[in-house]
Amino acid sequence: MHDDEPHGGAPRGPGRTLAPLLIGACAGLLSGLFGVGGGILLVPALVAVLGMDQRRAAATSLVSIMPAALVGAISYGLRGEVSLSAAALLVAGSLAGTQIGVRLLHRLPTRALRWIFVGFVALVIVGQRLSAPVRAGELALDAPRCAALVGIGLVAGLLAGLVGVGGGVVVVPGLEVVLGAGDLLARGTSLAAMVPTAVSGTAGNLRRGSADLRVGLLAGAASAAASPPGTMLAACLSPVAARWLFTAFLLVAVVSVLRRRRS
């Protein structure tokens, strides 16, 4: 069977168009709301609904994350909630961390990978409870903060390479808890940092033919359309309510990773 044809119980006919649109819209809303890429929803949904294998779903997910992250970053940027300098430092750390994570992926046992991510999320949740969320926190880029940004990017890339989850799940709480950034600034900067990584990853996946371009573009278009409403919803929520919702999102991410590793 050709890779682009429906697998197993995957939808056929109009469902092959409608399903990516619905999946992408949900992912885009999460992207704008939490400053994440949406892959934590996209990958399992592409596997479960469209019958893709894990590798192809991850590659296709990256295609759709790219426009959603770009539109989300622009939406936050129009309100002055993006630091491009901070995003560049995050990208520098993330690129290095991803390479380390990929190497460790082939050396560590699967069970260890699962619990590394669970342990990290537990630390994030505890850290969030120890600091009060703010809306107006700034990112002053002195030498220690620049080093911290590279470190946060390094951890994000490391986890992305190890368990396929990184980006906003790491960057947003890192910017808030470690650097004291406001919640909206953290999300906007997180989305801006995702754009070059998503572009680079997508280019590589397309060269290898590992992504379903049609599904990725459909999901990406819907995701980009749904991202601005997510950013508006984020601005309407109080920092405290937004943090509790993000905590719930992290717990969903843990469940998704644990289920994915069993399959």
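I100, L104, L108, I116 and L154 together form a nonpolar surface patch of about 340 Å²; such a patch joins nonpolar side chains (Val, Leu, Ile, Met, Phe, Trp, Tyr) within 5 Å, and like charges within 9 Å, from residues with over 30% relative accessible area and no salt bridge, a salt bridge being a side-chain nitrogen of Lys or Arg within 4 Å of a carboxyl oxygen of Asp or Glu. Accessible areas come from the Shrake-Rupley method with a 1.4 Å probe, and for residues only the protein chains shown count as cover.

This is a predicted model, in which local features need pLDDT of at least 70 and side-chain atom pairs count only at pLDDT 80 or more, while totals for chains, interfaces and linings use all residues. Residues are numbered from 1 along each chain as its sequence is written, and side-chain values use heavy atoms, with hydrogens and water left out.

**Exposure and burial**
- L154, a member of the patch, lies in helix 6 (residues 143-163), where helices are DSSP runs of H or I with at least four residues, strands are runs of E with at least two, and both are numbered from the N terminus.
- L154 is partly exposed because its relative accessible area is 35%, given that buried means under 20%, exposed over 50%, and partly exposed in between (1.4 Å probe, protein chains only).
- L84, in helix 4 (residues 84-105), has a relative accessible area of 64% and is therefore exposed.
- L84 and S190 lie 106 residues apart in sequence, with their C-alpha atoms 9.8 Å apart in space.
- Helix 2 (residues 39-50) has buried residues that include G39, I40, L42 and V43, and this helix is followed by G51, whose phi is positive, near 70 degrees.

**Annotated spans**
- The unreviewed UniProt entry lists residues 21-50, 57-78, 84-105, 112-130, 150-172, 215-235 and 241-258 for "transmembrane region"; positions are in the numbering used here, feature names are shortened, and annotations may be inferred rather than shown by experiment.
- Residues 57-78 are 95% helix and 0% strand, with end C-alpha atoms 32 Å apart, and residues 215-235 are 100% helix and 0% strand, with end C-alpha atoms 30 Å apart.

**Rings and cysteines**
- F34, F246 and F249 are linked into a cluster by ring pairs; rings of Phe, Tyr and Trp (its six-membered ring) pair if their centres lie within 6.5 Å, with planes under 30 degrees apart counted as stacked, over 60 as edge-to-face and the rest as tilted.
- The count of disulfides is zero, a disulfide being a pair of cysteine sulfur atoms within 2.5 Å.
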